[in-house]
Amino acid sequence: MGKYFGTDGFRGEANVNLTVEHAFQVGRFLGWYYGQQHEDTRCRVVIGKDTRRSSYMFEYALVAGLTASGADVFLLHVTTTPSVSYVVRTEGLDCGIMISASHNPYYDNGIKVINGNGEKLEESVIEKIEEYLDGKIGQIPLAKKDHIGRTTDFAAGRNRYIGYLISVATRSFKNMKVALDCANGSASAIAKNVFDALGAETHVINMEPNGVNINTDCGSTHIEHLQKYVVNMGCDVGFAYDGDADRCLAVDAKGNLVDGDVIMYICGKYMKEQGTLPHDTVVTTIMSNFGLYKAFDRAGIRYEKTAVGDKYVYENMAQNGHGLGGEQSGHIIFSKHATTGDGILTSLKVMEVILEKKQTLDKLASEVEIYPQVLKNVRVKDKKAAQDDEVVQAEVAKVAEKLGDDGRILLRQSGTEPVVRVMVEAPTHELCESCVDRVIAVMGAQGHFAG
């Protein structure tokens, strides 16, 4: 984790701790860095953005920095993070940039950088960017005369991505009534087109972005609205995306939530049955539910656990040749088709299982018993000190012993805030609550709470 870049890019409140100066400098560095790798051709970079008002501001700042360093820039305009990844790797570009703060409120924004393979940028390059931002690297030369870069409208790249998604589907969606919650974000430009093209009767909510309503009481972070909508409209299934559409949660016809863990089980079991799940293994994070692992055990599916972040999930998948992985939050990666979480692709793969197995989503999901979970965020003075405190760890060990094989406890530092997350899963909500509160009380007694 760097000073500026977390697990999912450089994120912060627009014009507060993420400014146009930062964006310009990131553009200047990337244009120069990748430009050094070309002798006779230019560095080429693609940029996409979500629907936040500040995304336009950051887009222009990045373009200015990139072209000033001699890079040619291709603009996808409003699009999804996975579409930027797709365009980078299929068009042979040097890197891609997505301007988005994902599921965060509209006033936040972020700069996600994707390498030439369509993957999250390597830590070694991120370290160099941060050194430049901190003035530890000397002046970068400005491009002159005909070496100055130029900008090209590349909306065609987004259309090619839409065509690719349509090609992934194995069956027509005819006679399927599908609801989509586009979170007033990036999916608004793509999702309905895909489902309509595949023959679904598509019903969409939160598809009118105005720059300040992205993720506001909608999308995957407020799934309750889609749950009601699916039931009221009599839909067969519903899918909710986040601001940049790299995550997806589902809702069955009865209005029940089907989260990323259950989606991984449904798709993983189907892939195992089809002989398309490499090593019969699914890659999860440490935050996946205890009930998912119980279900995997029954289905004969192995699993590996990584740190939180689809970046780490994908790294494990790429290193070990696994085909499916993801997070409870709905970041799901199908490595045969993508190198990053892709919400719309995930919804297409869930539709494939429903149609091929001729079963409803609630029937498919019923095989996973999700354990009650309580997660509380504790704002602390020093998150590492709070987590490593011997007295706190002793209490964690006592809770773990009490839970035994019927639950678990997890302490995790936030990647972006001075927060320690305390999470417990157990057979009852009351037991979860009491165990979490025990550990938090010890943190307080040890003087770790922030003022």
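A cavity here is a set of points, on a 1 Å grid over the protein atoms alone, where a 1.4 Å probe fits but cannot get out, and a residue belongs to the lining if it has an atom within 4 Å of a point. Grid points are joined across faces, edges and corners, and a volume is the space filled by probe spheres set on the points. The model is predicted, so to speak of local features takes a pLDDT of at least 70 and side-chain atom pairs count only at pLDDT 80 or more, while totals for chains, interfaces and linings use all residues. Residues are numbered from 1 along each chain as its sequence is written, and side-chain values use heavy atoms, with hydrogens and water left out.

Three cavities of 30 Å³ or more turn up by this rule. The largest cavity holds about 90 Å³, and around it sit Phe5, Gly6, Thr7, Asp8, Gly9, Lys112, Val113, Lys120, Leu121, Ile126 and Lys311. Two or more of these residues come from each of β1 (5–6) and β6 (108–114); helices (H or I, at least four residues) and strands (E, at least two) are DSSP runs, numbered from the N terminus. Sorted by class, the lining has four nonpolar, three polar and four charged residues, where Ala, Val, Leu, Ile, Met, Phe, Trp, Tyr, Cys and Pro count as nonpolar, Asp, Glu, Lys and Arg as charged, and the others, Gly among them, as polar.

The second largest cavity comes in at about 50 Å³. Its lining is made up of Tyr265, Ile266, Lys269, Tyr270, Val353, Lys357, Leu364 and Glu367, that is, five nonpolar and three charged residues with no polar ones. Helix α8 provides the largest share, four residues, and α11 also supplies at least two.

Two or more lining residues come from each of α8 (260–274) and α11 (343–357), and α8 gives the largest share, four. The lining splits into seven nonpolar, six polar and three charged residues.

Elsewhere, five strands form an open sheet with mixed pairing, in the order β9-β8-β10-β11-β12; two strands pair if DSSP finds at least two bridges between them. β9 (201–205) and β12 (257–258) are the edge strands. Strands β10 (237–241) and β11 (248–252) run antiparallel, joined by five bridges, with Val237 opposite Asp252.

Notes:
1 Å grid on protein atoms, 1.4 Å probe; cavity = no way out; pocket = protein on both sides within 12 Å on 5 of 7 lines; lining within 4 Å.
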